[in-house]
Amino acid sequence: MSFASASSIALRGTTGHLIDVQVDVSTGVVGTSMIGRLDGALH
């Protein structure tokens, strides 16, 4: 499996939260999985 990762920041007002995004870049079926505490806007 090949993975790619990126670090970013999510802003909530004037407060920044560091986030890490990891993706599997191997061939196969396309899909999305979110792990962790999700914001209500994503539901």
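Modeller: Strands (E, at least two residues) are DSSP runs, as are helices (H or I, at least four), and both are numbered from the N terminus. This is a predicted model, where local features need pLDDT of at least 70, side-chain atom pairs count only at pLDDT 80 or more, and totals for chains, interfaces and linings use all residues. Residues are numbered from 1 along each chain as its sequence is written, and side-chain values use heavy atoms, with hydrogens and water left out.

Biologist: Where does D24 lie?

Modeller: D24 is in strand β2. V23 belongs to β2 too, a strand that covers residues 15–24. T27 is found in the segment after β2.

Biologist: How is a pocket read, and what is the volume of the second largest pocket?

Modeller: Rolling a probe the size of a water molecule over the atoms shows where empty space is left. On a 1 Å grid over the protein atoms alone, a pocket is an open set of points where a 1.4 Å probe fits, with protein on both sides within 12 Å along at least five of seven lines. Points are joined across faces, edges and corners, and the volume is the space filled by probe spheres set on them. Here the second largest pocket has about 300 Å³.

Biologist: Which residues line the second largest pocket?

Modeller: A lining residue has an atom within 4 Å of a point. Among them are V23, D24 and T27. By class, the lining has three nonpolar, seven polar and one charged residues. Val counts as nonpolar, Asp as charged, and Gly as polar.

Biologist: Is T27 buried or exposed?

Modeller: Buried means under 20% relative accessible area, exposed over 50%, partly exposed in between (1.4 Å probe, protein chains only). T27 is exposed because its value is 81%. V23, at 40%, is partly exposed, and D24 is partly exposed at 41%.
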